[in-house]
Amino acid sequence: MDLIKIAEEAFKTESKEQPSFGAGDTVSISYKIKEGNKERIQIFKGVVIQVKGSGSAKTVTVRKMSGNQGVERIFPLNSPFIEKIEVNRYGKVRRKRIYYLRDLTGKKARIKERRM
């Protein structure tokens, strides 16, 4: 019994407290980027298209518009490179995976805000 607890402590990874968010929410993810021997933090702000997996394998797909080009990025939430996650807006959507957003542009791509 004691050996199991020791093993759990050894394999327990330090997980940061992250806000709860889902599909349709607008988030800003501060991501640490290493270039050579330099380190900088880049902020990726966009709409959460899906949250996939559970536990340490949980990933989030975030989509933003860069000019008139859509950019999607998949972030593993357990990554040590994620500095912090901020929820900017809570969106009101009926689905967990909002892939239909990829085909919409302009005003059609807007998501209603959820009242908190």
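**Why these labels? Side-chain contacts in a predicted model**

Student: Why does Phe81 count as partly exposed?
Tutor: Its relative accessibility is 34%. Buried means under 20% relative accessible area, exposed over 50%, and partly exposed lies in between (1.4 Å probe, protein chains only). The value of 34% falls in between, so Phe81 is partly exposed. This is a predicted model: local features need pLDDT of at least 70, side-chain atom pairs count only at pLDDT 80 or more, and totals for chains, interfaces and linings use all residues. Residues are numbered from 1 along each chain as its sequence is written, and side-chain values use heavy atoms, with hydrogens and water left out.

Student: Why is Tyr31 called buried?
Tutor: Tyr31 is at 14% relative accessibility. That is under 20%, so Tyr31 is buried. Phe75 is buried too.

Student: How many aromatic pairs are there, and what makes Tyr31 and Phe75 one of them?
Tutor: There are 3. For Tyr31 and Phe75, the centres are 5.3 Å apart and the planes make 65°. Rings of Phe, Tyr and Trp (its six-membered ring) pair if their centres lie within 6.5 Å; planes under 30 degrees apart count as stacked, over 60 as edge-to-face, the rest as tilted. So this pair qualifies, and it is edge-to-face. Tyr31 lies in strand 1 and Phe75 in strand 4, so the pair ties together parts 44 residues apart in sequence. Strands (E, at least two residues) and helices (H or I, at least four) are DSSP runs, numbered from the N terminus.

Student: Why is the Tyr31–Phe81 pair called tilted?
Tutor: The planes are 50° apart, with 6.3 Å centre to centre. Ring pairs link Tyr31, Phe44, Phe75 and Phe81 into a cluster.

Student: What makes Arg102 and Glu72 a salt bridge?
Tutor: Their N to O distance is 2.7 Å. A salt bridge is a side-chain nitrogen of Lys or Arg within 4 Å of a carboxyl oxygen of Asp or Glu. So the pair passes. Arg63, Glu72 and Arg102 are linked in a network of salt bridges.

Student: How do you know that Asp25 is buried?
Tutor: Asp25 is at 1% relative accessibility, so it is under the limit for buried. Its salt-bridge partner is Arg114, with the closest N and O atoms 4.0 Å apart. Asp25 lies in the loop between helix 1 and strand 1, and Arg114 in the segment after strand 5, so the pair ties together parts 89 residues apart in sequence.
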